[in-house]
Amino acid sequence: MRYLPLTADDRAAMLAKIGVKDVDALFRDVPKSAQAPREAFDLPDAKGEIEVERILSRFAARNVAASDVPFFCGAGAYKHHVPATVDHLIQRSEFLTSYTPYQPEISQGTLQALFEFQTQVAALTGMEVANASLYDGSTATAEAVLMAMRVTKRPKAILSGGLHKQYIETVETVANLHGVIKRAMASPGRAEDLLPLIDDQTACVVVQSPDVFGLIRDLKPLADAAHAKGALLVVVVTEVVSLGLITPPGEQGADIVVAEGQSLGNGLNFGGPYVGLFAVREKFIRQMPGRLAGQTVDADGRRGFVLTLSTREQHIRRDKATSNICTNSGLCALAFSIHLSLLGEEGFTKLAAINHSRAVELADKLNAIPGVSVITPAFFNEFTIKLPRSAAEVVEELAMKGVLAGVPASRLGYADDLLIVAATETNTDEDIAAFVKALEEVL
Amino acid sequence: MTTYYTDQHEWIRVEGDEGTVGITGHATEQLGDVVFVETPSAGKVLKKGDEAAVVESVKAASEVYAPVGGTVTAANEDLSGDPAKVNAAPEGDGWFFKIKIADKAELSQLMTEDKYKEFVAGL
Amino acid sequence: MALNSQGRPSQPGTAEASALPTISGDRGLDHEEPLIFELGRDGKCGVDFPDVKVGDTHLGGLRRKGKIGLPGLSEPEVVRHYVRLSRNNYSIDAGLYPLGSCTMKHNPRLNEKLARLPGFADLHPLAPQSAAQGALALMSELARWLTTMTGMPAVTMSPKAGAHGELCGILTIRAAIEAKGEKRTRVLIPESAHGTNPATAAFAGFTVDEVKATPEGRVDMDSLRSKIGPDVAAFMLTNPNTCGLFERDIVEIAKLIHEAGAYFYADGANFNAIAGRVKPGDLGVDAMHINLHKTFSTPHGGGGPGAGPVVLSERLRPFAPLPLLVLEKGGIRLIEDRDSAPEGYKPFGRMAAFHGQMGMFVRALSYMLSHGGNGIRQASEDAVLAANYVLASLKDVMSAPFEGPCMHEALFDDTWLHDTGVTTLDFAKAMIDEGYHPMTMYFPLVVHGAMLIEPTESESKESLDRFIAVLRGMAEEVKAGKTERFEGAPRLAPRRRLDETAASRKPVLKYQAAE
């Protein structure tokens, strides 16, 4: 077996040193009834690289990759170009095969990268502090709700109907244990009025912008209304590239900003691994979940970085921890950070502008098709169209024509005739033309 | 002015109806460098044994319990900016909060300084 | 003849290099590296994009006004920055990584390659299911391996890490209890447990009650018996436990728990010791998360991402969270909402958006296929053999609190350091100067000054022998009173010990330009 360095002679010599006859003797504490022989496992024997690659490639070949076709799916995961440099750098052994940086003397690479990541996330969101990442956007949203309940010592969270439905379900699953969740009805294409729902028991209002239908929402009135009642505003961003073009939530009064960071540095990966961003106002840092890298000095007075404020975490506080989270999404955060370093201010704002202009172009062309109307007035790179019939059927028919046209809103439990469509810098003029032509044909 | 101690390593110095509460030198030695203190706000009503404050060091976080019941009258605001005071003078500038004692009879369940020293020696 | 006039000496000479100051501050291959914010300048960019003008028509009046504050760097500068940073990290690729309970084993690069196939890496989670049948088939194949190895009937794939899997398992148990209309409020946890266990139970709304350990480092059955009762929801146990020992009484434990109507949750963090030899299902386990990043070697990546699928017993299966995978005529269907769940299923909710850590699934399945049933069994045996070899080779110079054999990790305490002036921390940090990552320290909490060594099956005998020789040498120095090098160690790492007190008292969590 290519991954196992011990030879039969090695094993014999080691057993002799230990003073036992065979390896079974080392398993003597396992009850006899629980010892299963090899034959008890209906599993094949070891395989070489060639065979393994062949088998897994067959699985891969049965999927339609985003790069294979004109592609317009979004709704929480976006197809962007990731520079080759990113993947090369994250595969360096020292990043890929190191553990959580608990020994800072020999983990400065990871720690400094996380410190830089935190700085970038704070800048993008317009917030004061960010953590070193959480699992993904949806779990980060749940953590934000729990944090708001801790900070305000209030039980109720109000979720906008424009929040991605699977995010809503994730929040409800964990936050229902600690409080009450009220969700507003979805109103595709317009911002529902959440103000009447806010009362003196409200811990937070959670709103996504751009929302699941692509709508950019004005957050300031919500922030003011929440603050007037002593509640926090939690803003969710599922497309971080939007922050290159639109006013960041931090400048609109958000108290906690969470985001899905997949768009930068990370592939679609059929939904994971992704990377959750989590940024807050400075006064809340000790209530924030997840790991934090902080700057300090070493015994010789040189600048260095450590994991800090770790008493909030499970390995010290145990049943009093702010969250049960153990890992973050380190390597995905690194990919995010490297991609953003390559982009810089100039590249990132240009990327955002390209995304928006592609979407505007696509929206105009789709809107011109008889029976089709764009229902999202303000959007970044994603919008929703109303079709004369079932969007799920249309998507299947377009898939047969080699176009992945978007996510039917019905897949997330919304109306049957709505299609959520995203365009990014990866879409060419030909892609857009192919989509428009195919849609005209099936309608 | 008498100081009483708990087996959870809090002290309370009583003047009239009011007590000043903090953690003992022994507690700070066990915790190491204190990095953060969360104190209760004035007006908070506590029962004896309630969680009143939180003290964090680099390696540990601990609750500080109310040695007696009563109403919090003041918290040591200096600690948020300078938690090192707890290590430097645990029974002086490093006090946590002041409490108006509801029932002074509860003090009789606490230890005297000598008793506490004996208690710590036996740990 | 022509004489070589270059005159370059070809022998190294005898210069004392160690304390040599340098003008740059760098030392040979060791480079100090500034932050990207200190390196970047306006006017530079590491990507080439056209300049596209966009109007305000569709932005709802919310166009960004101010600058973001991101530094500009060209591609070569970015590459150099991260390469230099990386060189300040220890890694399993570069050396033995004996972190107990973390399972730092070899990460095969085949797995990386396959996870990057466009059919996986470039597949959208909400692509039509007809366009993702290969992904769904891969998930169900991985599920088959996991259920076969554990002897459990079902598995839920979506949890994103071990702790997330724990939470998923406990919420499944909670749902099952609620469905029976029972009220159970306590979760029993041994005092030696990982910190995530009590954190998870408390997070899920249960009160945590600790079960004592025996002097032999196992669950104290009397303590367990005294705590079990009709209000107990579950017992959470890591087996092999955090002391590296197999819980011999496990069958009896499961019986006690089940008789009380409670559920048996196993923390699968240490499954790598028994995979391919023991089926947790045979031990009476009701739910167990599996850390794909430990047992099945998906890379730790400096702290994630992980993946924590949870295997479930028949009585918990109906409560597994969304999404569900169902085999149907013509393909595999992913069920994403409660209303479409098959008859009898009552999913308790959803752990995260989408369907789980697909990238980790591909790597784990690649690992499994490469090893096969025989290789996985051999890997577990080698891991246990290596740990026992380390234990047997060091227990005369260091002190082991429990009698062996151990499982996949060897535990030492600090009895042998008494009166030497050297602490567990000093000893472990001095290992850095010797070129090793320290072992896990001060965990499990039940052992004083614990040092937990997990060598894994990836080390050759030569590597183990060298590691043992170094640790023996260090231990002998301690015993001989040569302790100077331990105080304040390490001295030869990119940084010496860092001031954690200052970092916590006045947190600096992001770069701020000098005023």
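Biologist: How many residue pairs are in polar contact across the interface of chain C and chain A?

Modeller: Across that interface there are 93 residue pairs in polar contact, counting pairs with both residues at pLDDT 80 or more, and please keep in mind that this is a predicted model.

Biologist: Okay, what about chain B, how many residues of chain C are in contact with it?

Modeller: Five residues of chain C contact nine residues of chain B, and the area buried between these chains is about 560 Å², 45% of it on carbon and sulfur atoms. Within the share that chain C buries there, Glu500(C), Thr501(C) and Arg505(C) account for 76%, more than any other three residues.

Biologist: How many salt bridges and polar contacts cross the interface of chain C and chain B?

Modeller: The salt-bridge count across that interface is zero, while four residue pairs are in polar contact, with both residues at pLDDT 80 or more. The side of chain C that touches chain B has no nonpolar residues, two polar ones and three charged ones.

Biologist: While we're on chain B, which residue carries the N6-lipoyllysine annotation?

Modeller: An unreviewed UniProt entry places the modified residue N6-lipoyllysine at Lys59(B). In the model, Lys59(B) sits in the loop of chain B between β6 (51-57) and β7 (61-65).

Biologist: Is Lys59(B) buried or exposed?

Modeller: Lys59(B) counts as exposed because its relative accessibility is 55%, and the cut-off for exposed is over 50%.

Biologist: Back to chain C: where do Arg363(C) and Glu112(C) lie?

Modeller: Their side chains form a salt bridge at 2.8 Å, N to O. The pair links distant parts of the chain, with Arg363(C) in helix α10 and Glu112(C) in helix α3 (residues 109-115) of chain C, 251 residues apart.

Biologist: Is Arg363(C) buried or exposed, and what about Glu112(C)?

Modeller: Arg363(C) is buried, at a relative accessible area of 10%, and Glu112(C) is also buried, at 2% relative accessibility.

Biologist: Which salt bridge does Arg144(C) form?

Modeller: Arg144(C) pairs with Glu141(C), the closest N and O atoms being 3.5 Å apart. Both residues lie in helix α5 (residues 133-150) of chain C, three residues apart, which is about one turn of the helix. An α-helix has 3.6 residues a turn, so residues three or four places apart point the same way. Arg144(C) is partly exposed at 32% relative accessibility, and Glu141(C) is partly exposed at 22%.

Biologist: Changing topic, how many residues of helix α11 of chain C are buried?

Modeller: Nine of the 10 residues in α11(C), residues 424-433, are buried, so this helix is mostly covered. Among the buried ones are Phe427(C), Met431(C) and Ile432(C), and the cover over the buried residues includes β11 (440-441), β12 (451-453) and α12 (461-479) of chain C. Just after α11(C) comes Gly435(C), with a positive phi of about 90°.

Biologist: Last one: where is Pro190(C), and what is it in contact with?

Modeller: Pro190(C) lies in strand β2 (residues 186-190) of chain C and is buried, at a relative accessible area of 6%. Leaving aside neighbours within four places in sequence, Pro190(C) contacts Val211(C), Val219(C), Phe235(C), Met236(C) and Leu237(C).

Methods:
Residues numbered from 1 in each chain as written. Chains lettered and ligands numbered in written order. Predicted model: local features only at pLDDT ≥ 70, side-chain atom pairs only at ≥ 80, totals over all residues. Heavy atoms only, no water. Polar contact = N/O pair within 3.5 Å; in protein donor to acceptor, adjacent residues only side chain to side chain. Contact = heavy atoms within 4.5 Å. Buried area = accessible area lost by both parts, 1.4 Å probe. Salt bridge = Lys/Arg side-chain N within 4 Å of Asp/Glu carboxyl O. Nonpolar A, V, L, I, M, F, W, Y, C, P; charged D, E, K, R; others polar. UniProt positions renumbered as here; feature names shortened; annotations may be inferred. Helix = DSSP H or I, 4+ residues; strand = E, 2+ residues; numbered from the N terminus. Buried < 20%, exposed > 50% of the residue type's maximum accessible area, 1.4 Å probe, protein only.
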